[in-house]
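Have the viewer open as you read.

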Amino acid sequence: MLNEFIDEMYVGDEVEGFYLLSSAEVRKTSAGKPFLSGTVSDKTGSIDFTMWDYKDTIYPEDQGRVIFLRAAVNEYRGAMQLNVSRFRFAESYDKYDVADLVPTAPMDTEEGLNKIKELIKSIEDEDFKKLAETMLNKHMEEFSRIPAAKRVHHGFLGGLLMHTYNMLRTADFLSGIYSDAVNRSLLLTGTLLHDFGKMKEFTFSELGMVSGYSIKGDLLGHLVMGASEVEKLAKEIDMPEEKAVLVEHMLLSHHGEPDHGAAVIPQIAEAELLHFIDMIDSRMEIYAETLPNVPVGEFSGEIFSLEKRIYNHGL
């Protein structure tokens, strides 16, 4: 088990335990001797490290693997750093808690999944219900586990489930308010499936965190891949083509504008509403993840995804 979380380390500590290798490269000193330099992390933060006289090789695919290390906590140029004396990759017999190493959704994911199933079961239209239930059952394990993003929002284990659950509750509520314009069955189905393409868009580390993009992820993106899977599955379950196209349109347009990644702009009420529900949940999560690191009465730094700073009023 972890000897010490990163946010509890102090200069002078001796630490030993399992951490996540965030980055590493073999470099050379001015005298030509190899050393290992990189960053390790756990659920509380990250810290740079150096290991002198390192004689092994580090590969790009080693990023995201669990390592065991022994190190002294030093200070270098005003920041804490680990001076590593022992370093090895974790083996199958090692015992560590994944939840100590990577951030996880701040919710009971099993309970959230059950609530999602209840919402999907409440869909009145049998065609939309069958599509939603079939897709959910097909991808249950991945859907419950993966992050919703590499960074920006919900970038933790269970993030996609949490993001979707929040959106489904909002969609269910708003479908009642705007019932004159919105079909609840279609809205809930599109909301559930809007990010399912991310399961193929991303590549994942051994602990399930997003490590990058697949070739299809880069070339097609999750909107196109999600819509393509809906089209294929709709044919298999004999769903009317027009209904399937409406769901596909919602997936392809839920980013709102081409400049933000949408393949088409929303042209039905359910697609329009899905876009704004997605925006609400993603932006509120950015606030939730950022504000704990902003002192009360001060502004954050520039947040790329929001294109602005945010203020922590402390209320």
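## Ground rules

This is a predicted model, so to speak plainly about its limits: local features need pLDDT of at least 70, side-chain atom pairs count only at pLDDT 80 or more, and totals for chains, interfaces and linings use all residues. Residues are numbered from 1 along each chain as its sequence is written, and side-chain values use heavy atoms, with hydrogens and water left out.

Two strands count as paired here if DSSP finds at least two bridges between them.

Where does β4 join up with β1? Strand β1 covers residues 14–28 and strand β4 covers residues 66–76, and the two pair in the antiparallel sense over seven bridges.

## Around β2

On to β2, which is antiparallel to β1 over eight bridges. The two form a hairpin with five residues between them, and G32 in that turn has a positive phi of about 85°. R27 finds its bridge partner in β2 at F35. F35 also has a bridge partner in β3, namely W52.

Strand β3 (residues 45–52) pairs with β2 in the antiparallel sense, again over eight bridges. Here the hairpin linking β2 to β3 has two residues in it. Strand β2 itself (residues 34–42) is mostly covered, with eight of its nine residues buried. Buried means under 20% relative accessible area, exposed means over 50%, and partly exposed is in between, using a 1.4 Å probe and protein chains only.

## F87 in β5

F87 sits in strand β5, residues 79–89. Is F87 buried or exposed? Its relative accessibility is 12%, so F87 counts as buried. Leaving out residues up to four places away in sequence, F87 touches L21, L36, F49, M51, Y54, I58, I67 and F68. Contact here means heavy atoms within 4.5 Å.

F87 and E16 are 71 residues apart along the chain, yet their C-alpha atoms are separated by 9.9 Å.

## Two helix pairs

Two packed helices are described by the angle between their axes and the distance between the axes. The axes are lines fitted to C-alpha atoms, for helices over the stretch in contact, and angles run from 0 to 180 degrees between N-to-C directions. Under 35 degrees counts as roughly parallel, over 145 as roughly antiparallel, 65 to 115 as roughly perpendicular, and the rest as oblique.

Take helix α2 (residues 109–121) and helix α3 (residues 126–138): their packing angle is about 155°, with the axes 9 Å apart. That's why α2 and α3 count as roughly antiparallel to each other. On the α2 side, I116, K117, I120 and K121 meet K129, A132, E133 and L136 of α3. The residues of this contact split into four nonpolar, no polar and four charged. For that tally, Ala, Val, Leu, Ile, Met, Phe, Trp, Tyr, Cys and Pro are nonpolar, Asp, Glu, Lys and Arg are charged, and the others, Gly among them, are polar.

Helix α6 (residues 184–193) and helix α10 (residues 241–253) pack at about 50°, with axes 9 Å apart. That angle makes α6 oblique to α10. The contact uses L186, L187, T189, G190 and L193 from α6, and L246, V247, M250 and L251 from α10. By residue type, the α6 contact with α10 has seven nonpolar, two polar and no charged.

Two non-glycine residues have a positive phi. D238, in the loop between α9 (221–236) and α10, has phi near 60°. D238 is exposed, with a relative accessible area of 67%. E307, in the segment after α11, has a positive phi of about 60°, and E307 is exposed at 69%.

S300 is also in the segment after α11 (269–290). S300 counts as buried, with 9% relative accessibility. Not counting residues up to four places away in sequence, S300 touches T290, V294, R309 and I310.

Key: Helix = DSSP H or I, 4+ residues; strand = E, 2+ residues; numbered from the N terminus.
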